[in-house]
Amino acid sequence: MSEVKLTCIVCPNGCELVAEKCGDGSVKVAGNLCPKGVKFATDELVRPLRTFTGTAATAFPDFPVIAVKTDREVPKEEILRIAEYVNSLCLTKRCSPGDVIVKDVLGLGADLVVTADMN
Amino acid sequence: MNYGLIVIGGGPAGLKAACSAAEKGLKVLIIEREAQLGGILKQCVHDGFGVIRFGEKLTGPEYAYRDITEVKRLGIECLTGTFVTGICDKDGGFVVETTSAQGIRSDFTEKIALATGCRERTPRQVNIHGTRPAGVLAAGACQNFVNLKGLLPGKRAVILGSGDIGLIMARRLTLEGAEVIGVYEAKATPSGLQRNIRQCLDDFGIPLHLKTTVTDVYGDKRVEAVRVSAVDDSMNPVGEGEIVECDLLVVSVGLIPENELAEKLGLQTDPATKGIAVDQYMMSAGKEGVYAVGNALHVHDLVDYVSEGAATAGADAANTRKRSLVKVGAEGLMYVVPQYVDVSDANEKKTFYMRAPRDMAVASVKLYADGELVAERKLKNVKPPEMLRIQFKFRASDSITLRLEEEE
Ligand SMILES: Cc1cc2nc3c(=O)[nH]c(=O)nc-3n(C[C@H](O)[C@H](O)[C@H](O)COP(=O)(O)OP(=O)(O)OC[C@H]3O[C@@H](n4cnc5c(N)ncnc54)[C@H](O)[C@@H]3O)c2cc1C
Ligand code: SF4
């Protein structure tokens, strides 16, 4: 297998990683300053994950939109589909950070939570 | 009213400075011109904030919420929707004048923290020919439209400059259903962080064109197209270039500390940071009792260090020091903050923030006191967009110099 160059996005160090998939399916990683880099690189090669962050519309004039995110990582290829879904929402209740507004978004196993304070 | 510390600006810097001072027993007032506290973090809805300070990835609003909760817990007085119009010296302290919907007001304080954040270099400050029709926006202004007002300022965007806010907006606009045609950067290396290029551009197949710039904007009332052109090493366009149709040009070409109030106080500024010159407690070198924190002092790339510096300043506001300042020489560096060191407390660990002028694979920062090498730190993968933070402990001396050297 050939080597793949990656940049770890887990923390501000942004380590430049070199990852290689081995014959037995495991992934060999170099360049990481901590073990999180190994998990990141393995996920990148097998099934890349991202947290969705964005905004959802609300019914309140002082907050035309409010910041939201998925409470855990979701498959990268689903991000645009989540964005489209979130853009169809409109909140009618005032929320604070951590309040869940949609459970199990699109059946991906993550909840959509508000990250800004409207109260 | 009388205060021990008035903090101007309710972003992360102001909030943290206020909390640290209040914890030391000072009576603190925060003055913020916007309706809500939180500063620029309110519009930074993406995550990645707080990894160093809290050990978790937070979004901008979540990071701000933690400090706002702390401000409330400490019972710190806040005036929002209030603009500081003037500051002047009085009886060893300062009088701060403000205006708000409630009218004008004037307060006395012993010390002041300037936490007014930064301004964006505007599209007008960039050398582009043609008209300035609607649809030419600075990246931060674009972020404000999309993330706070819920407005999409265009459907087909070109991004000029590879600063982090521009990269973040490339992703945001894509998620909001706009098409981002590309990011154009005149320099040979990007100004934003590599991790943002990966997760904001590469993830969505948005191309980054280095050594390319926008030379002309076309359109009468609204942007209709721009001309992009390759540039040579002296940034001069080569060839005819190419017309790219778009209805939005987002300009992400850097930030400058907001210094209007510092100028009113006649404070000395550092031409390299464009913020005021300070000692290791972020107190103005030229004027006792005035602190500058966060982006008002120098533009930070990580909010975690904004909070760190602000905490230092806030805690110091409760002290009285008899200062003995020594200028910090900077060699091979773009800048160093603090620019001065109060050597009267020579044994304390001192934190220096600095930026390298160019990429270096291996480098070292050396600290000289009275010409003698007293400390050295090895660094790897040094890049100008990433601020360096190094702590040194050293003896009182008459001259201090920091030198960045590239190593083989
Ligand atoms: C558009 C933009 C996007 C950014 N995105 C990121 C990012 O994605 N990640 C990251 O780590 N960092 C980002 N930064 C850097 C970020 O600015 C810092 O991390 C941090 O928010 C700076 O905090 P601050 O408190 O110094 O300034 P700010 O958050 O800007 O707060 C300054 C406050 O002072 C108030 N103020 C100014 N003048 C006055 C006055 N005269 N009277 C009363 N109030 C006043 C302002 O209204 C504002 O609320 C961004 C910066 C900008 C400008
Ligand atoms: S490998 Fe560890 S230290 Fe390096 S960027 Fe990833 S999380 Fe940060």
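**The interface between chain A and chain B**

Author: In this predicted model, the rule finds 12 residue pairs in polar contact across the interface of chain A and chain B, both residues of each pair being at pLDDT 80 or more. Across this interface of chain A and chain B the rule also finds 4 salt bridges. In a salt bridge between A:Lys76 and B:Asp203, the closest N and O atoms are 3.3 Å apart.

Chain A brings 31 residues to the contact, and chain B brings 28 residues. Between the two chains an area of about 2500 Å² is buried, and carbon and sulfur atoms give 55% of this area. Of the area that chain A buries against chain B, 23% is supplied by A:Ile9, A:Pro12 and A:Thr53, more than by any other three residues.

As for its location, ligand 2 sits in the largest cavity.

Ligand 1 has 35 residues around it, of which B:Glu32, B:Ile40, B:His46, B:Asn295 and B:Asp301 come nearest. Backbone atoms of chain B also approach this ligand. An oxygen atom of ligand 1 lies 3.3 Å from a backbone N or O atom of B:Pro12. For B:Ala115, a backbone N or O atom is 3.4 Å from an oxygen atom of ligand 1. At B:Val84, a polar backbone atom lies 3.2 Å from a nitrogen atom of ligand 1.

Definitions and conventions:
Residues are numbered from 1 along each chain as its sequence is written. Chains are lettered from A and ligands numbered from 1 in the order in which they are written. This is a predicted model: local features need pLDDT of at least 70, side-chain atom pairs count only at pLDDT 80 or more; totals for chains, interfaces and linings use all residues. Side-chain values use heavy atoms; hydrogens and water are left out. On a 1 Å grid over the protein atoms alone, a cavity is a set of points where a 1.4 Å probe fits but cannot get out, and a pocket is an open set with protein on both sides within 12 Å along at least five of seven lines; lining residues have an atom within 4 Å of a point. A molecule sits in a cavity or pocket if more than half of its atoms lie within 2 Å of its grid points. Contact means heavy atoms within 4.5 Å. Buried area is the accessible area (1.4 Å probe) that two parts lose on being put together, summed over both. A salt bridge is a side-chain nitrogen of Lys or Arg within 4 Å of a carboxyl oxygen of Asp or Glu. A polar contact is a pair of N or O atoms within 3.5 Å; within protein, one must be able to donate a hydrogen and the other to accept it, and residues adjacent in sequence count only if both atoms are side-chain atoms. A residue is near a molecule or strand if one of its heavy atoms lies within 4 Å of it.
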